[in-house]
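Thanks for coming, everyone. Take a look at the model on the screen, and I'll walk you through it.

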Amino acid sequence: MSTIVQTTATAPSAKRAPNRAWRKLKANKGALVGLGIILFFTVLAILAPILPIPNPLATSWSAVRQAPSAAHWLGTDDIGRDILSRMIWGAQASLMAGIFSVAIAVAIGVPFGLISGYYGGWIDQIISRITEAFLAMPFLITAIALSAFLGPSLKNAMIAIGLSATPVFVRLTRGQVLAVKTEDYVEGARSIGLRHFSIITRYILPNVFAPILVQATLTIATAIIAEASLSFLGIGQQAPAPSWGSMLNTAKGYLETQPWMAIWPGAAIFLVVIGFNLLGDGLRDALDPREA
């Protein structure tokens with residue numbers, strides 16, 4: 001009986017599944033484009049300290065609001081700071097906000113979703129009602145309220161965005177667990193007396209991981225937009241540290257005369273968000289077992 005359970009339980013996580021998913025992902029041109037965009041901005045953010053670019057905080061009153069030129073490839077801002085340099089350093093803030101915010105949401109939401117879906121009963125009722133209450137509030141409004149409460153800083157903005165995104169992962173994980181926990185391999189694991197913790201970690205979590213990964217990738221894009229919004233409002237990354245959102249806030253008063261101040265950070269946000277969305281869509285297709 002034990003041998004049968006082990007064979008059945010490991011079937012959904014066959015070793016060939018990752019290879020099949022990788023082949024499908026490589027065949028998806030949109031996903032590869034998205035991955036390329038993400039890698040490009042990630043490399044820029046990592047190499048920012050060693051790239052031959054001006055100090056993003058250095059001001060020059062003789063170069064205020066200059067158009068793109070050989071000296072300043074993307075122009076300068078209202079106090080003469082190099083926009084290219086601030087764009088590259090700003091990538092750090094945006095990518096950190098996206099990744100760490102989603103990490104917070106996953107770390108909190110997935111365990112609660114597993115507990116809610118697996119145990120059911122009054123535990124499920126409490127977690128589900130609290131989750132629904134938070135889902136009833138718009139994501140960005142919740143993030144703004146939490147960030148204002150915690151205080152203006154990039155760290156607090158990441159915490160606020162992560163907590164605001166948590167209910168999505170609770171609901172997603174709970175729904176996946178409800179579908180998986182009735183499978184034969186889970187019932188077989190119960191029948192041989194495995195502890196609940198072992199069943200959850202060995203048989204349920206690996207088989208609900210794919211949709212969580214896809215949702216996490218898509219949520220990073222949302223978190224980047226949220227961080228830019230909070231920085232634009234002055235409750236995210238604080239001056240003079242560079243951030244794409246705060247750069248847009250500075251540029252809003254010069255849209256007609258110096259449009260390059262807004263074009264470049266806006267284009268960067270657009271590209272990174274498109275990149276994560278394309279990659280997320282590709283992962284969803286690659287990890288879907290129903291797709292050949």
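First, a definition: helices (H or I, at least four residues) and strands (E, at least two) are DSSP runs, numbered from the N terminus. Now the ground rules. This is a predicted model, where local features need pLDDT of at least 70, side-chain atom pairs count only at pLDDT 80 or more, and totals for chains, interfaces and linings use all residues. Residues are numbered from 1 along each chain as its sequence is written, and side-chain values use heavy atoms, with hydrogens and water left out.

Start with the overall picture. The protein chain has 11 helices and 0 strands. Its C-alpha atoms fill a box of roughly 80 × 45 × 30 Å, taken along the principal axes. Of the 292 residues, 42% are buried. Buried means under 20% relative accessible area, exposed over 50%, and partly exposed in between, with a 1.4 Å probe and protein chains only.

Next, a helix pair. Helix H4 (residues 83–119) packs with helix H7 (residues 154–180) at an angle of about 35 degrees, and their axes are 5 Å apart. Axes here are lines fitted to C-alpha atoms, for helices over the stretch in contact, and angles run from 0 to 180 degrees between N-to-C directions.

Now helix H5 (residues 121–135). What span should its 15 residues have at 1.5 Å a residue? The expected span is 1.5 Å times one less than the number of residues. That gives 21 Å, and the end C-alpha atoms of H5 are 21 Å apart, which agrees.

Which residues of H5 are buried? They are Asp124, Ile127, Ser128 and Thr131. They cover an arc of only 100 degrees around the axis, so they sit on the same side of H5. The arc is that of the directions from the helix axis to the C-beta atoms. These buried residues pack against H4 and H7.

Helix H8 (residues 184–191) has its own buried set: Tyr185, Val186, Gly188 and Ala189. Their arc is only 160 degrees around the axis, which puts them on the same side of H8. After H8 comes glycine 193, with a positive phi near 85 degrees.

Last, the loops. Most residues other than glycine have a negative phi, and most peptide bonds are trans. Arginine 65 is not a glycine, yet its phi is positive, about 50 degrees. Arginine 65 lies in the loop between helix H3 (29–47) and H4. At 30% relative accessibility, arginine 65 counts as partly exposed. Then there is a cis peptide bond between alanine 239 and proline 240, with omega about 5 degrees. Proline 240 is in the loop between helix H9 (196–233) and helix H10 (244–251).

How values were computed. Contact means heavy atoms within 4.5 Å.
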